[in-house]
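Today I shall present one structure, with attention to its aromatic rings and to one of its hairpins.

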Amino acid sequence: MAFASVSAQEKRVLSLEEAVKLGIANSKNLKIDQAKIEESTANLLAAKNRQLPELTVSGSYLYLPFEPNVDLKIPGMSGGGPKVSNVLYGSANLSVPIYSGGRIKYGIKSAEYLVEASKLTTENDKNAIAYNISQAYNNLFKANEVVKLLKENLASSQKRDQSFSKLENNGVIARNDRLKAQLQTSNIELQLMEAENNYNIANINMDLLLGLPDNTVIEVDSSYIGTDDLGKPDDYYLNLARENRNDLKAVDYQRKAAALGTKSAKAENLPSLAFTGGYVAADIPKLLTITNAVNVGVGLQYNLSNIWKKNSSYVQSKAKEQELAAMNDLLNDNVTLEVKRDYQNDLYAHKKIDVYQRALEQAEENYRITLNKYNNGLETITNLLDADTARITANVNVVTSKADAALAHKKLLQTTGIINQ
């Protein structure tokens, strides 16, 4: 049964770059963003349609069940008219906008800006997704490395237990020393079980993020560790963020759209002018027939209530402009804070590697010395096991600190808006 379970799992080797591309391609959030782009594009189409001619055609056929009273007032034709039982008429009307105070032009340009803002929002979400996948990938790498280290140490501990059992049987060491060593082995087994559980959860999380079957075993590529370069000051990354952050660009387009919305709202107080044309035909049997009734002209429309009504659309649009201006200022402050914070975190993560590396060297040397003393009867089993535990911990810390440093740099790249470049 165990073999069947393992064989049913699909293994897939993925680099971090491949994982990011796959995650972006299968992201459900980006599918929502794509729908929003299509919605804003439809709004742009509706805005463009307002500059096109309006042509309407209508026709009616009326049956008159009761005989109407027809009294023609035309001189010489007074008296009862013919019997009318049905009426047929139709009309066609054409209207071509000439002037609307700029509302159509402003509406089209504003819709174009909002389409661009939607696209930039999608790009910003792609950056966030790229970091989330990097974080999940990093967690999977760390979990896998911890499992490997603990398996190695468990094997060494079990081998030591066998040696101690022989020494106890030969009366060289006390039974209590053997039990302490076996307790250490049990603790490593528990740590390994927890590490394997964390690895399985991290693997399932990656499968879901990448849109893969949840039984896919992902093998990570550790080449992304140590490839980052932080040899530039924080102002360099801050300037990068101001140039590349898509949320800053999106707010800029939203502000442009809002400014045009204000102009469009102001133009509502202006009259509109349109070229008009029409055609009417009617047929009332035995009474009247009209054909070729073509009309052309110019139509002027102005809402006189604008004289005493306050333009609420204009007030709302100005408030929207103020809101977006404040949002832009706040976003710029947040970008400065995020870049400088993530830069410091990146520096801190890389400094920790050096400290953990020195700690590992110290732990290895301490274990070597303690083991020699123990073999010469100058050290207790407790101190030997403590030294071994410190060595295991130091190894884990070195591996995880390198992975955390790589992720900290990915976070800085996401904050600057260039994680996908």
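**Aromatic pairs and a hairpin**

Let us begin with Tyr113, which is buried, since its relative accessible area is 19% and the cut-off for buried is under 20%. Please note that this is a predicted model.

How many aromatic pairs are there? The count comes to six. In one of them, the rings of Tyr113 and Tyr253 have centres 5.8 Å apart and planes at 45°, so this pair is tilted. Tyr113 belongs to helix α4 (residues 103-169) and Tyr253 to helix α7 (residues 246-266), so the pair ties together parts that are 140 residues apart in sequence. Tyr253 counts as partly exposed, at 24% relative accessibility.

A further aromatic pair, Phe141 with Tyr224, is edge-to-face, with 5.8 Å from centre to centre and 80° between the planes. Phe141 is in helix α4, while Tyr224 is in the loop between β4 (216-220) and α6 (234-244), 83 residues apart. Phe141 is buried, at 6% relative accessible area, and Tyr224 is buried as well, at 8%. Ring pairs also join Tyr137 to Phe141 and Tyr224 in a cluster.

Rings may also meet charges here. The charged end of Lys232 sits over the ring of Tyr236, 5.2 Å from its centre, and Lys411 lies over the face of Tyr131, at 4.8 Å from the ring centre.

Finally, I turn to the hairpin. Strand β5 (residues 272-284) pairs with β6 in the antiparallel sense over twelve bridges; Ala282 has Ile290 of β6 as its bridge partner. Three residues separate the two strands, and Lys286 in this hairpin takes a positive phi near 70°. Is strand β6 buried or in the open? Of its 14 residues (288-301), the number buried is zero, so β6 lies largely in the open.

Methods. Residues numbered from 1 in each chain as written. Predicted model: local features only at pLDDT ≥ 70, side-chain atom pairs only at ≥ 80, totals over all residues. Heavy atoms only, no water. Buried < 20%, exposed > 50% of the residue type's maximum accessible area, 1.4 Å probe, protein only. Helix = DSSP H or I, 4+ residues; strand = E, 2+ residues; numbered from the N terminus. Pairing = 2+ DSSP bridges. Phe/Tyr/Trp six-rings, centres within 6.5 Å; stacked < 30°, edge-to-face > 60°. Lys NZ or Arg CZ within 6 Å of the ring centre and 35° of its normal.
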